[in-house]
Structures are given as structure tokens and as C-alpha cells.
Amino acid sequence: MDVVTTSLEALIQRITNPQNQKPDIAAIEAFCVMLTKETEGIQIGIKLLVTQIQSLNESEALQALSLLDTCMKRCGPLFHAEIGKFRFLNEMIKLVSPKYLGNRTTANVRQKVLQLLYAWITEYPRESKIKEAYEMLKKQGVIEEDAAFIMTNNEERQKSSKMKNNIFENEEMSRHLRRLLHSKDPSDLQTANRLIKFMVKEDEERLQLNSQRGMELESVQNNVMLLSEMLDSYNQNETSAEDLELMKELYQACERLKPILLRLASETQGNIEMLGICYI
């Protein structure tokens with residue numbers, strides 16, 4: 001497998017990771033740049049997008065559709081022309097048509113697909129097949145009323161526009177990756193590939209650390225809840241020796257976990273992402 005395909009696969013996996021809590025701006029930027037810079041970038045990228053938008057995981061599919069829309073804004077007429085072909089549009093139609101994948105597609109994914117098609121008719125009028133595909137879905141009864149999508153669509157476009165502006169935030173890694181991807185030196189592309197792999201590995205380690213923290217907090221919470229319940233029901237004359245021993249063990253476990261909880265509190269301070277994970 002060539003370096004471009006490997007890099008794009010790693011990026012799209014990172015961008016559409018179901019555990020993402022916010023858009024991965026650096027990875028989105030790198031994906032868009034590689035599509036427009038590399039000779040086969042658009043063709044490879046579209047194949048990967050098709051796979052992800054048809055994912056059975058709703059989060060993956062929705063993030064892939066958002067990435068697709070960002071690529072439409074960022075990647076220029078050549079990308080528009082490929083998306084505007086029935087070869088690709090049929091893959092989107094499959095997601096909403098009962099004849100194909102429509103019955104397994106979630107309501108959110110279905111709505112997102114129709115919103116994009118509706119918006120693209122106005123935004124990319126040269127791609128006439130998009131309108132043809134949309135009108136065909138209306139004739140088939142898949143789309144009952146345009147107005148049902150207009151308000152939601154406008155809200156989505158505002159969010160997408162904000163995301164587009166955020167892509168150019170001054171993130172050091174994103175800037176460095178962009179420079180490498182725009183370089184004409186072949187060695188820079190290899191460096192970019194290594195950087196992408198590092199970003200993916202870093203993301204995996206972050207998710208693993210968050211998972212470990214979550215388990216530690218769950219252990220603390222379970223011990224505290226059980227000990228509290230036993231203390232509430234404690235009766236000097238009725239509580240058995242076994243229950244007293246269990247209460248003692250729970251108390252000791254809480255004492256052992258106390259330093260871990262203090263460490264997590266220190267690590268979490270000021271970290272909004274971790275505050276959501278560490279709330280108990």
C-alpha cells in the first residue's frame with residue numbers, strides 16, 4: 001500500500017473515531033491538503049469517504065458526512081466534479097433509499113445526507129447531477145417536503161462555516177503538517193506520514209488514558225456508594241460480622257484510592273474534555 005493511501009486511511013480513521021468529543025481540526029486539515037496535493041488524492045479520498053459514510057456506526061457515518069462537506073468547501077472544482085458524478089451520488093442515495101441501505105440507516109444519518117444534497121444544489125450549481133439525484137428521491141417519495149430540512153440545514157451550515165474557520169487556527173502541529181504536505185521535497189511527505197502516524201498514536205494513547213481514568217473513577221464511585229448504603233442500613237444489633245468485615249474492606253479500599261482521586265483531580269483541573277469524563 002502506498003504512502004498516500006496509508007496516510008489518508010490513518011487520517012480518516014482518526015477524524016471519524018466514534019470516541020471523538022470534538023472535530024479533530026489538525027487531521028481534517030491534513031486530509032483536505034493531501035486530497036488536493038497528491039495526484040491520486042481525490043480518488044483515494046473519495047473511496048475512503050464512501051466506506052465511512054456507509055458505516056453502521058452512526059457516529060462514524062455522521063463525522064464522515066461532515067468531513068465530506070468540509071472537503072466540498074476546501075478541495076475545489078476537481079473534487080466537486082467527482083462528487084457530482086452519479087458514481088458517487090448513488091452511494092449517498094443508497095443510504096436513504098429503502099431499495100438499498102435505507103432501512104438500516106439511522107434517522108440522523110438519513111437527514112444529514114438529504115441536508116447535504118439540498119444545500120449542494122445551491123452551493124455547487126454546476127454539478128447538475130446533484131439536483132437530478134435530489135429530484136429523483138422526491139419523485140420516489142423518499143423526500144416528502146423540502147421545508148422540513150431548511151431550518152435544520154441553515155443551522156448545520158452555520159456550524160460547518162464556523163468549523164471551516166477553526167481549521168485555520170494557529171495550532172503548531174497543524175501548521176507544520178501543512179508545510180510538509182505542501183513541500184515538493186519527497187522526504188517531507190515521508191516526514192508528514194510519520195507525523196500523521198504519531199498523531200494517531202497520540203490520540204489512541206489519550207483515549208486509552210481516558211478509559212483507564214474512567215475505570216479508576218468508577219471503582220471509587222462503586223466503593224463509596226456501597227459503603228454509604230451499608231452505613232445507612234447499619235444497626236449495631238443486627239449487622240452481621242461478615243457485613244462489618246466488608247465495610248472495613250470497603251473503607252480501606254477507599255483510603256487506597258484516595259491518592260488516585262487526588263491525582264486525577266489535579267490532572268483534570270482546567271481540562272474541559274476530562275471534566276466530562278471524570279464527573280461522578
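The expected span of a helix is 1.5 Å times one less than its number of residues. Welcome to a predicted model of a protein chain with 13 helices and zero strands. Of its 280 residues, 44% count as buried.

**The overall fold**

- Read along the sequence, the protein chain follows the pattern α-α-α-α-α-α-α-α-α-α-α-α-α.
- Taking contacts between residues at least 6 apart in sequence, 69% of them join residues at least 24 apart.

**Helix α3 and its surroundings**

- Helix α3 covers residues 41-53, and 10 of its 13 residues are buried, so the rest of the structure largely encloses this helix.
- The buried residues of α3 are G41, I42, I44, G45, I46, L48, L49, V50, Q52 and I53.
- The cover over these buried residues includes α1, α2, α4 (58-74), α5 (76-83) and α6.
- One of these covering helices, α1 (residues 3-15), packs against α3 at an angle of about 35 degrees, and the two axes are 10 Å apart.
- The crossing of α1 past α3 is right-handed.
- On the α1 side, the contact is made by V4, T5, L8, E9, I12 and Q13; α3 brings G41, I44, G45, L48, L49 and Q52 to it.
- An α-helix has 3.6 residues a turn, so residues three or four places apart point the same way. With that in mind, you can follow I44, L48 and Q52 among the α3 residues that meet α1.

**The nonpolar cores**

- In soluble globular proteins, nonpolar side chains tend to be buried together.
- Here the largest nonpolar core has 61 residues, and F31, L68, F79, M92, L117 and W120 are those with the most contacts inside it.
- Helix α2 (residues 25-37) supplies the largest share of this core, with nine residues.
- Apart from that core lies another, of five residues, including L227, M230, L250 and C254.

- Helix α2 is mostly covered, with 11 of its 13 residues buried.
- The buried residues of α2 are I25, A26, A27, I28, E29, A30, F31, C32, V33, M34 and L35.
- From its first C-alpha to its last, α2 reaches 18 Å, close to the 18 Å expected at 1.5 Å a residue.
- Helix α7 (residues 107-123) has 17 residues and reaches 24 Å between its end C-alpha atoms, close to the expected 24 Å.
- Buried in α7 are V109, K112, V113, L114, Q115, L116, L117, A119 and W120.
- L117 touches L89, M92, I130, Y134 and L137, once residues up to four places away in sequence are set aside.

- E91 is found in helix α6 (residues 86-96). This residue counts as buried because its relative accessibility is 17%, under the 20% cut-off.
- The side chain of E91 makes a polar contact with the side chain of K94, at 3.4 Å.
- Beyond its neighbours within four places in sequence, E91 is in contact with V50 and Q54. V50 is also one of the buried residues of α3.
- A polar atom of the H80 side chain lies 2.6 Å from the backbone oxygen of M72.
- M72, Y124 and E127 are in contact with H80, leaving aside neighbours within four places in sequence.

- K197 is in helix α11 (residues 186-232). Its relative accessible area is 46%, so K197 is partly exposed.
- K197 and L11 are 186 residues apart in sequence, and their C-alpha atoms are 8.6 Å apart in space.
- T106 is found in the loop between α6 and α7. With a relative accessible area of 29%, T106 is partly exposed.
- T106 and A61 are 45 residues apart along the chain, with 9.7 Å between their C-alpha atoms.

Note on methods:
Residues are numbered from 1 along each chain as its sequence is written. This is a predicted model: local features need pLDDT of at least 70, side-chain atom pairs count only at pLDDT 80 or more; totals for chains, interfaces and linings use all residues. Side-chain values use heavy atoms; hydrogens and water are left out. Helices (H or I, at least four residues) and strands (E, at least two) are DSSP runs, numbered from the N terminus. Buried means under 20% relative accessible area, exposed over 50%, partly exposed in between (1.4 Å probe, protein chains only). A nonpolar core is a set of buried Ala, Val, Leu, Ile, Met, Phe, Trp, Tyr and Cys residues joined through side-chain atoms within 4.5 Å. Contact means heavy atoms within 4.5 Å. A polar contact is a pair of N or O atoms within 3.5 Å; within protein, one must be able to donate a hydrogen and the other to accept it, and residues adjacent in sequence count only if both atoms are side-chain atoms. Axes are lines fitted to C-alpha atoms, for helices over the stretch in contact, and angles run from 0 to 180 degrees between N-to-C directions. A crossing is left-handed if the near helix is turned anticlockwise from the far one by less than a right angle, and right-handed if clockwise.
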